[in-house]
Amino acid sequence: MAKVTIDGREIELPDGVRINAIEVAKRMGVEIPHYCYHPGLPIVGSCRMCLVEAGNRDAKTGEIRMQPKLVPGCTIPATDGLVLVTTGEKVQQARAMVEEGLLVRHPIDCPICDKAGECSLQDYHFKYGQSARRTDVMPFTSRKRDLGDVTLFIDRCVMCSRCVRFCSEVSGTAELMVANRAAHEEIDVVPGFPLHNELSGNVVDLCPVGALSDKDFSYQQRVWFMRQHTGVCTGCAQGCSIHIEENQDRVYRLKPRENQFVNKWWICNEGRYGYHHIHDAKRLAAPQYRNGGKTTDLDWTGLPEKLTKKLSDAGRLGALFSPFLSVEEAYLLAKLIKGIDPQAILAMGPVPTVGEDKKFPGGFVIAAEKAPNRRGVEEILGYFMHKLLTFDDFLNQMQRTELQGVWVSGGYKGPWIDAATARKFDAIPLLIVQDLFPSPLSEIATYTLPGASFAERDASYMNRYDRLQTSRLAVRPPWGVRAEAGLLWQMSGRKGLYSYRAVLDDLCREVLYFAPAAGPLPDVGLDMKINKLAKSGALAAKMA
Amino acid sequence: MSFPVLNYEPVLLANIHKENSHTLAVYEAAGGYRALRKAMKEMKPDDVLATVRAAGLRGRGGAGFPTALKWSFLPKDHPGPIYLCVNADESEPGTIVNRVQMEEDPHQIVEGIILSAYATKSTTAYFYIRYEYPLSCQRMQAAIDEAYAAGFLGKNILGSGYSLDLFIHRGAGAYVCGEETGLIESLEGKRAWPRIKPPFPAVEGLFRKPTVVNNVETMACVVHIIDRGAEWFRSIGVPPNPQDPRDVGSLGPKLFGISGHVNKPGCYEAPLGITARQAIDELAGGVWKGRKAKAVIPGGLSTGLMSYDELDTPLDFAGPLKVGCLGLGTACLIVMDETYSMVDFLYNSCRFYAHESCGQCTPCREGTHWSMMIMERIKAGKGRLIDLEYLAEIGNTIGIIPGTTICGLADGAAWPIKTCIRKFRGELEDYIKRTNPTGYAVEVAVPALTGTNGKPH
């Protein structure tokens, strides 16, 4: 156990914790400002913003010996007896000096900078800098360079080299480099080899100032207008933790949320920019009823009850569960359909897969399976059906058993069914399709219901490593759209507004697999594999 | 160039007048590779190390760190490889001694490298030479080829069972490559951004293996220590102060490169501890044109300035510290006569460091650039008295000594500024008042003369 003293307060670190002074201070709520340090990148100790006074307490005599010079906090390992002073005059002067230095050549174009409001240079200047510029006002320059996936504002850069280290260590592509020397240093790429990789968006998050600008986000929104919501990326089966940032029901960007169990600090570009379908004009916008060749737009009033009744009257039922459904929705839907027709056939919808898993040198993985909740839906279907049916099984059974009513849940971000497959559903008298976008299937459905995107509902997803995470509602669905969850809630005859927690509680009580989720879900999610372990443990105990 | 002064017979420079002094034949005729033969026949690596330790040799690169102590930091019984890097990136302004050695007596250096590599149990040595020395590079390469052919390098040197490969690596002209970890990074093919220490190179250096980085002149000294014995080496220079157990003294011969306003600029050999005045008057023939020296840089630009009154300071490892200089440095003096403007000096100095800062640490990158902007403005007649305060503040806050940078380059940038302002403040103030009679007292921020990208305001 290591005992560390920071500004007179003591903290005890458990054995085996290997962190540096900045991280220890963070655990105590003490901020040590820094630019170049990032927990996910190699330490270079070059920005010198984290300079602190460091010393050691003698274990026997208790005498404290301080080092004569300032030490960068990022390079100090938290060992037993470490003593830090982060508020002394020397430290304050050093911080003010670094801040002043960084601002000597900075254009200070905050009013037109996207980073303003979440910029370390700004924040630290107000906290630790000097109020007045003392000398040598540099001419205003705001040179810009296209680096490929991102834009570089050369003069805003503070040369922390985080982006360079990210490209060499995490994405392993090493496109970025530091060109020139001293005050002429610039981040650059080799001509003809632009910054272009699947993780390039992360360099914008890493940039502590406004030097690297996201082409997707630039000049779209001031950051102080946006609200941040806890989310889960639905781009692939990894289920990266994200923040969804929106203003007035419009999502402006997705950012990675630190989760050591899943995505560390990063997300891929596919996930980061995979929100544009939310605001796509082609989305289904109103429920429709189709009779023969005639299509009527419907109102939601009374529709859920009507749909329940139609399903009850239909006879033999079947349902396709999309891997984009949350566990709550899958549970509500399965419960609903099975409640009406205990013989109903429930099956997994198509699971989109593209290529192979891609692993990066930094450990980040992009999964080939492009759906967030195959595992969650599988477990629920397994509980209700005892045998997991795939999409092909469902098509076969559909023709054999002459289903009278079929509920198809979609939610796919792109085309997922071709016309030939859709034609197999022609004979179904009652076909209800809830989806984001029109598809060959929605064209022939009796009822077409517009569904909600991932940002428009409270939903829990289980990634392919059985980690259950909840994504919270960030924006309201467009007018005319009702989220699957709310609709199914109402169709199940429940009262009041949809509450994911209530559904999850029911699910935990009913389906043993989800029992661990009965308590509050942490932000980083819950590993459900613990169940399997318990099961095998019980089995082992029985056998012994 | 070298001649006996102060009753001292040169050792390191003994060969350099001879015709074809850079060839193996001439070097061997003068007793070359005698030390190597002796070491390979009679001495174990630890004996070599012990002899160097007994001699009290301190590194000639600038910091004066005891060489044997540095070698002894290498991990014991390391499975290897251990690397020896020889720093021939002689880029400190005013420093001209390694070049003479490399061009005129390369075999002496090669022999020293073999002995040092033997003492450190290295099997590979790298000779990092700066790009601006093409002739040195040619001569060193020729010497290495000759040494390979004669069996001094390569497998099983002189039948001793010890093998060593020596490679030349040419730098690309950056000052910071003379910093030992910057040099290692450069050798690894990376940008020469000095590393955070610890871990020190002796523990984790080149290719993450234990590494020793030594100066060219240190290598040459090792030859003579092995050849003539530790006692001979200890008989030259300034012995340690017996009152101070931590003082290791300044022993042995030293090359002094003297340039600037002197009658006979050049590279001279003398014992450590001669005074700056002796060096100028007796080695370099006095200040030119019968003038008086105004300021002297004792050991490369980074060490700062000595004023005329301080010229009796002994040039040993401790002497220049006493008059506020950074240290002995490379013991290469730059002499400025009484007509020389200190504003020009400071401008040149600031410009050099603003150009050569590696740009890694904020205080150095921005401090050196800011000081250059200030000096540009002062030189252009737009200086203010308060600028001197700012310069002094920059000088006091950047560097490894206050702890604000990774390497010592910033200290090198700070010392000329600090010493110049402390010792020649009156002249700087006069210049500012004379050239900017209306604005010298302004205290609010003023426009810089030029921007980063060279565009005028």
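## Domain arrangement

In this predicted model, the C-alpha centres of domain 2 of chain A and domain 3 of chain A are 34 Å apart. Chain A is divided into domain 1 (2-87), domain 2 (131-279) and domain 3 (288-534). Contact between domain 2 of chain A and domain 3 of chain A involves 34 residues of domain 2 and 33 residues of domain 3. On the side of domain 2 of chain A that touches domain 3 of chain A, at least two residues each come from α4 (162-170), β12 (227-232), β13 (241-247) and β14 (250-256) of chain A. Of the elements on that side, β12(A) gives the most, with four residues. Sorted by class, the side of domain 2 of chain A that touches domain 3 of chain A has 13 nonpolar, 14 polar and seven charged residues.

Chain B is also divided into domains: domain 1 (5-235), domain 2 (250-337) and domain 3 (342-435). Between the C-alpha centres of domain 1 of chain B and domain 3 of chain B there are 34 Å. Their contact takes ten residues from domain 1 of chain B and eight residues from domain 3 of chain B. The side of domain 1 of chain B that touches domain 3 of chain B consists of eight nonpolar residues, one polar and one charged.

## The two chains

| Property | Chain A | Chain B |
|---|---|---|
| Helices and strands | chain A: 15 helices, 26 strands | chain B: 16 helices, eleven strands |
| Box of C-alpha atoms along the principal axes | chain A: roughly 85 × 65 × 45 Å | chain B: roughly 80 × 45 × 45 Å |
| Residues that count as buried | chain A: 47% of 544 residues | chain B: 58% of 457 residues |

For chain B, the radius of gyration is 23 Å, which agrees with the value near 23 Å for a compact globule of 457 residues.

Where the chains meet, the contact takes 31 residues from chain A and 38 residues from chain B. Helix α2 (residues 89-104) of chain A supplies the largest share of the side of chain A that touches chain B, namely six residues. By class, the side of chain A that touches chain B has 16 nonpolar, seven polar and eight charged residues.

## Nonpolar cores

The largest nonpolar core has 148 residues, and those with the most contacts inside it are A:C163, A:A319, A:F321, A:L333 and A:L346. Helix α8 (residues 327-340) of chain A gives the most to this core, with eight residues. Beyond its neighbours within four places in sequence, A:C163 is in contact with A:L176, A:I187, A:V203, A:L206, A:C207 and A:L212. Another core lies apart from this one and has 145 residues, including B:Y83, B:F152, B:L153 and B:W193.

## Local features of chain B

Helix α13 (residues 342-356) of chain B has 15 residues. From its first C-alpha to its last, α13(B) reaches 21 Å, close to the 21 Å expected at 1.5 Å a residue. Its buried residues are B:M342, B:V343, B:F345, B:L346, B:S349, B:C350, B:Y353, B:A354 and B:E356. The elements covering the buried residues of α13(B) include β11 (332-337), α14 (362-379) and α16 (409-435) of chain B.

B:L49 is placed in helix α3 (residues 45-55) of chain B. Is B:L49 buried or exposed? B:L49 counts as buried because 21 C-beta neighbours lie inside 10 Å, the cut-off being 20 or more. Setting aside neighbours within four places in sequence, B:L49 is in contact with B:A68, B:W71, B:S72 and B:A119. The C-alpha atoms of B:L49 and B:F207 are 24 Å apart in space, and the two residues are 158 residues apart in sequence.

Note on methods. Residues are numbered from 1 along each chain as its sequence is written. Chains are lettered from A and ligands numbered from 1 in the order in which they are written. This is a predicted model: local features need pLDDT of at least 70, side-chain atom pairs count only at pLDDT 80 or more; totals for chains, interfaces and linings use all residues. The expected span of a helix is 1.5 Å times one less than its number of residues. A residue is buried if 20 or more other C-beta atoms lie within 10 Å of its own, exposed if 12 or fewer, and partly exposed in between; C-beta atoms are placed from the backbone. Two residues are in contact if their C-beta atoms, placed from the backbone, lie within 7 Å. Domain bounds come from an automatic or database domain assignment. Ala, Val, Leu, Ile, Met, Phe, Trp, Tyr, Cys and Pro count as nonpolar, Asp, Glu, Lys and Arg as charged, and the others, Gly among them, as polar. A nonpolar core is a set of buried Ala, Val, Leu, Ile, Met, Phe, Trp, Tyr and Cys residues joined through C-beta atoms within 7 Å. The radius of gyration is taken over C-alpha atoms; the globule rule is 2.2 Å times the number of residues to the power 0.38.
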